[in-house]
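Here is a short briefing on one protein chain. Look at the structure first, then follow the points by topic.

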Amino acid sequence: MTDQRQFAGKIAVVTGAGNGIGRAAAIAYAQEGADVAILDREAEALAETAELVRALNVKALPLVGDMTNQEVVTDSFARIKRELGPVDMLLNNIGQTARENYSEFWQAKPETLQFVIGVSLMTTLMCTRQVVEDMRGRRSGKIVSISSDSAMNGDIGTVDYASAKAGVLGFT
């Protein structure tokens with residue numbers, strides 16, 4: 001009997017899959033039959049997502065790591081390809097504000113700006129770069145990148161985040 005679910009036989013990757021939108025997306029892909037590689041830096045939350053995905057009778061490949069690190073990104077996607085196969089769908093979901101380092105732009109520390117832009121924009125670029133060549137070669141694949149209404153509206157204390165998410169829009 002053939003699996004009739006929309007994504008049966010497909011490989012999906014969800015970044016920031018430990019909770020929130022990422023977890024919900026990983027579950028949705030799994031409900032539609034996709035095997036799902038899930039990436040996050042929070043091991044415990046990622047393990048919970050993996051359990052929820054596996055309960056839907058598909059494969060889950062949890063990969064814990066700092067996706068702002070190019071080597072971690074490269075190694076993670078090599079492992080995905082090796083263990084699951086070529087990626088059919090990528091959901092770029094990682095993003096974060098400065099949180100406790102929140103400040104007005106004129107007071108922002110350079111390392112805070114670099115962190116927010118690295119997490120909220122550079123991860124999207126780096127992860128997409130890992131899958132786009134295969135997708136182009138197969139002439140098939142889907143890439144979705146999550147931005148934020150901050151990209152359009154900004155806020156005095158989240159200029160870095162708004163800039164990064166506007167970059168995600170421009171890139172996409």
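Both Phe 7 and Tyr 29 are buried. Keep in mind that this is a predicted model.

**The aromatic pair**
- The count comes to 1 aromatic pair.
- Phe 7 and Tyr 29 form this pair, and it is tilted.
- Their ring centres are 5.7 Å apart, with 55° between the planes.
- Phe 7 lies in the segment before strand E1 (11-15), and Tyr 29 lies in helix H1 (residues 20-31), so the pair ties together parts that are 22 residues apart in sequence.

**Strand E2 and its cover**
- On one side of E2 sit Asp 35, Ala 37 and Leu 39.

**Partners of E2**
- E1 and E2 run parallel and are joined by 5 bridges.
- Val 14 stands opposite Ile 38 in E2.
- E2 also pairs with strand E3 (residues 60-64), in the parallel sense, over 5 bridges.
- Leu 39 has Leu 63 in E3 as its bridge partner.

**Crossovers**
- E1, H1 and E2 make a right-handed β-α-β unit.
- E2, helix H2 (residues 43-54) and E3 make a right-handed β-α-β unit too.

Definitions and conventions: Residues numbered from 1 in each chain as written. Predicted model: local features only at pLDDT ≥ 70, side-chain atom pairs only at ≥ 80, totals over all residues. Heavy atoms only, no water. Phe/Tyr/Trp six-rings, centres within 6.5 Å; stacked < 30°, edge-to-face > 60°. Helix = DSSP H or I, 4+ residues; strand = E, 2+ residues; numbered from the N terminus. Buried < 20%, exposed > 50% of the residue type's maximum accessible area, 1.4 Å probe, protein only. Pairing = 2+ DSSP bridges. Right-handed = clockwise from strand over helix to strand, strands pointing away.
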